[in-house]
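Hi,

Here's the structure I said I'd pass on.

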Amino acid sequence: MDLFQAVLLALLQGVTEFLPVSSSAHLILLPTLTGWEDQGLAFDVAVHVGTLAAVVWYFRDELRPMVVDWGRSLSEQRLVGESRLAWGVLFGTIPVGLTGLAFKDVVETSLRSPLVIAATTLIFGVLLWWADAHGRRVRSEHTVGWKDVLVIGVAQAIALIPGTSRSGITMTAGLMMGLDRQGAARFSFLLSIPVIAIAGGLSTVELIGAGERVVWAPLLVGTAVAAFSAYLCIHFFLKLLERIGMMPFVIYRLLLGGVLLAAYA
């Protein structure tokens with residue numbers, strides 16, 4: 001991998017990880033369209049580190065009381081302050097973790113085809129439009145209850161199918177459960193922290209086991225570009241969300257899905 005490929009792939013990862021358009025779909029499609037070789041496990045780990053650093057740094061002021069109050073809730077055996085949100089993030093991660101362990105091989109092989117990506121891009125794009133248009137949008141992420149966590153957590157597990165978009169389907173589920181746009185997006189981003197950490201950790205273990213030779217220059221560039229682009233993406237997405245809504249992303253998904261169907265059907 002040369003530095004140009006590293007920059008482009010990391011930029012793609014950083015931007016699409018948190019937008020409701022599916023980062024996995026774009027990272028599968030780009031090498032397919034360009035003929036590039038698979039970027040490899042080491043690069044996957046690098047861009048995961050970058051996007052994880054971005055989301056943790058962006059939400060650092062929210063995460064600090066969540067961690068403190070979560071510890072207090074353990075010692076006092078009751079919900080305290082922001083511990084409700086912290087427990088929601090932890091329990092919301094369980095479905096995707098279990099599903100990933102059970103169906104890892106299927107997801108990484110038979111579900112990575114352009115036609116699967118086309119179908120999920122279209123279907124979940126329409127669902128995102130419906131949820132944004134018909135959701136009540138009256139609650140923030142601080143009001144999430146166990147029913148919300150269950151629905152959004154199960155939705156996140158479905159996002160293992162390439163083209164679904166983890167951020168897209170969790171925002172869709174949040175909007176369907178009555179969260180407002182900011183609440184659905186912020187809870188989706190907080191949910192991404194353990195998911196990205198787990199995915200990066202598993203890739204690291206696999207990388208160590210494979211004994212793959214590491215070329216550091218593209219990895220360091222990829223980490224930095226992914227972190228910077230992901231941070232900017234989160235910032236501007238949350239700033240513009242109330243103004244633009246989800247429709248631009250719905251339109252993009254429909255166009256992308258239509259192009260893929262025309263090309264590969």
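When I say that two residues touch, I mean that they have heavy atoms within 4.5 Å of each other. Keep in mind that this is a predicted model.

Let me start with Phe-189. Leaving out residues up to four places away in sequence, Phe-189 touches Phe-18, Val-55, Phe-59, Arg-166, Met-171, Ile-234, Phe-237 and Leu-238. Two of those partners come back when you look at the largest nonpolar core, which has 42 residues: Phe-59, Phe-189 and Phe-237 are the members that touch the most other members. Helix α9 (residues 181-210) supplies the largest share of this core, with eight residues. There's also another core lying apart from it, made of 13 residues and including Leu-30, Trp-36, Phe-43 and Leu-219.

How do α6 and α11 pack? Helix α6 (residues 114-134) meets helix α11 (residues 247-264) at an angle of about 155°, and their axes are 8 Å apart. Angles over 145 degrees count as roughly antiparallel, so that is what α6 is to α11. The crossing of the two is left-handed.

On the α6 side, the residues making the contact include Pro-114, Leu-115, Ile-117, Phe-124 and Trp-129. On the α11 side, Met-247, Val-250, Arg-253, Leu-260 and Tyr-264 are among them. By type, the residues of this contact split into 16 nonpolar, five polar and one charged.

Finally, two single positions.

Ser-229 sits in helix α10 (residues 216-244). Is this serine buried or exposed? Its relative accessibility is 6%, and buried means under 20%, so Ser-229 counts as buried. With neighbours within four places in sequence set aside, Ser-229 is in contact with Ala-10, Leu-11, Gly-14 and Val-15.

Val-96 belongs to helix α5 (residues 83-108). Val-96 is buried too, at a relative accessible area of 11%. Not counting residues up to four places away in sequence, Val-96 touches Gly-153, Gln-156, Ala-157, Leu-160 and Val-195.

Cheers

Notes
Residues are numbered from 1 along each chain as its sequence is written. This is a predicted model: local features need pLDDT of at least 70, side-chain atom pairs count only at pLDDT 80 or more; totals for chains, interfaces and linings use all residues. Side-chain values use heavy atoms; hydrogens and water are left out. A nonpolar core is a set of buried Ala, Val, Leu, Ile, Met, Phe, Trp, Tyr and Cys residues joined through side-chain atoms within 4.5 Å. Buried means under 20% relative accessible area, exposed over 50%, partly exposed in between (1.4 Å probe, protein chains only). Helices (H or I, at least four residues) and strands (E, at least two) are DSSP runs, numbered from the N terminus. Axes are lines fitted to C-alpha atoms, for helices over the stretch in contact, and angles run from 0 to 180 degrees between N-to-C directions. Angles under 35 degrees count as roughly parallel, over 145 as roughly antiparallel, 65 to 115 as roughly perpendicular and the rest as oblique. A crossing is left-handed if the near helix is turned anticlockwise from the far one by less than a right angle, and right-handed if clockwise. Ala, Val, Leu, Ile, Met, Phe, Trp, Tyr, Cys and Pro count as nonpolar, Asp, Glu, Lys and Arg as charged, and the others, Gly among them, as polar.
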